[in-house]
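Biologist: I would like to learn how to read a protein model, one feature at a time. Could we begin with a pair of side chains and then widen the view?

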Amino acid sequence: MLRQNFLEELKKLENSLVEMGSTVKYMLEKSKKALIDRDEALAKQVIDMDDIVDKYNWSIEDNCLKLLALQQPMAHDLRVIAAAMKIISDIERMGDYCVDIAKFTIELIKLPPLPLNKNLTNMFELVEKMLCDSLDAFVNRDINFILSVVDQDDAIDRTYYRIYDEVIEEIEHAPETAPQQVKYLMIARFLERIADHITNIAERIYYMETGELKELHE
């Protein structure tokens, strides 16, 4: 009976973690739309949602500690709890980066509009897919899928460097656009950092299933 109760509580914890990740996915999607549409109200909604992510973080961490203190988890269960505590920290940071993107979007709205870099839009889509796949990997515990999530980080890195080169070129060609271009570059940097945190999540899922802590991305 105690074991069954523990497994039920552990499942609730896992569901909460997925909900937390889905909230950040929603924030990422809305931050992209706010940037494309120059929608300040939507950007502010993203900023306000950070409180929701923080509450998930505190609640899940508290539940993890309770499970450790009140139960006697077996080896795999213990890895799930330990991994969950690390994963929620990465998800929380991803939410912070979504907020940063929203704040830079609000600053951009106050400046003369520039055509949005197509690679930046593409980078949003790559990161969104990577995040969605990481949540699926957590639910399904598929090792091969986990490794494919990590591989996606390479395309995101390449896109970031292309944006960097294009921004430098644009500033050299039209120095007056520097304030906007630098903000676009910073948004790309935030997306690149989100991808790094997703890689961390994939590595923790790998640890959950294999018991091996290793860097999956060289």
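**Reading a helical model**

Modeller: Let us start with two residues: E14 is buried, and R141 is buried as well. Here buried means under 20% relative accessible area, exposed means over 50%, and partly exposed lies in between, with a 1.4 Å probe and protein chains only. Please keep in mind that this is a predicted model, in which local features need pLDDT of at least 70 and side-chain atom pairs count only at pLDDT 80 or more, whereas totals for chains, interfaces and linings use all residues. Residues are numbered from 1 along each chain as its sequence is written, and side-chain values use heavy atoms, with hydrogens and water left out.

Biologist: What does E14 form with R141, and how many Å apart are the closest N and O atoms?

Modeller: The general idea is that side chains of opposite charge can pair when their charged atoms come close. The term salt bridge is used for a side-chain nitrogen of Lys or Arg within 4 Å of a carboxyl oxygen of Asp or Glu. E14 and R141 form such a salt bridge, with their closest N and O atoms 3.1 Å apart. This pair links distant parts of the chain, since E14 is in helix α1 (residues 2-37) and R141 is in the loop between α5 (118-140) and α6 (143-173), 127 residues apart. Helices are DSSP runs of H or I with at least four residues, strands are runs of E with at least two, and both are numbered from the N terminus.

Biologist: Which residue meets R141 in a salt bridge at 3.0 Å?

Modeller: That residue is E209, whose side chain meets that of R141 at 3.0 Å, N to O. Because E209 lies in helix α7 (residues 178-210) and R141 in the loop between α5 and α6, the pair ties together parts that are 68 residues apart in sequence. E209 is partly exposed, with a relative accessible area of 27%, whereas R141 counts as buried because its relative accessibility is 19%. Through salt bridges that share partners, E14, R141 and E209 are joined into one network. A search of the whole structure finds 13 salt bridges.

Biologist: What is the phi of R141?

Modeller: As a general rule, most residues other than glycine have a negative phi, and most peptide bonds are trans. R141 has a positive phi of about 55° although it is not a glycine. R38, in the loop between α1 and α2, also has a positive phi, near 55°, and is likewise a residue other than glycine.

Biologist: How should I read a helix, and which residues of α3 are buried?

Modeller: An α-helix has 3.6 residues a turn, so residues three or four places apart point the same way. The buried residues of α3 are D50, V53, D54, N57, I60, C64 and L67. Seen down the helix axis, these buried residues fall within an arc of 160°, so they line one face of α3; the arc is that of the directions from the helix axis to the C-beta atoms. The face turned away from the buried side of α3 carries the exposed residues K55, W58, A69 and L70.

Biologist: How many residues are in the largest nonpolar core, and which touch the most other members?

Modeller: In soluble globular proteins, nonpolar side chains tend to be buried together. A nonpolar core is a set of buried Ala, Val, Leu, Ile, Met, Phe, Trp, Tyr and Cys residues joined through side-chain atoms within 4.5 Å. The largest core has 67 residues, of which I87, L120, I187, L191 and I194 touch the most other members. Each of α1, α2 (40-48), α3 (50-70), α4 (75-109), α5, α6 and α7 supplies at least two residues of this core, and the largest share, 16 residues, comes from α4. Leaving aside residues up to four places away in sequence, I194 touches L28, M94, Y97, C98, I101 and V127, where contact means heavy atoms within 4.5 Å.

Biologist: How many helices and strands does the protein have?

Modeller: The protein has seven helices and zero strands. Buried residues make up 48% of its 218 residues, and its C-alpha atoms fill a box of roughly 70 × 35 × 20 Å along the principal axes.
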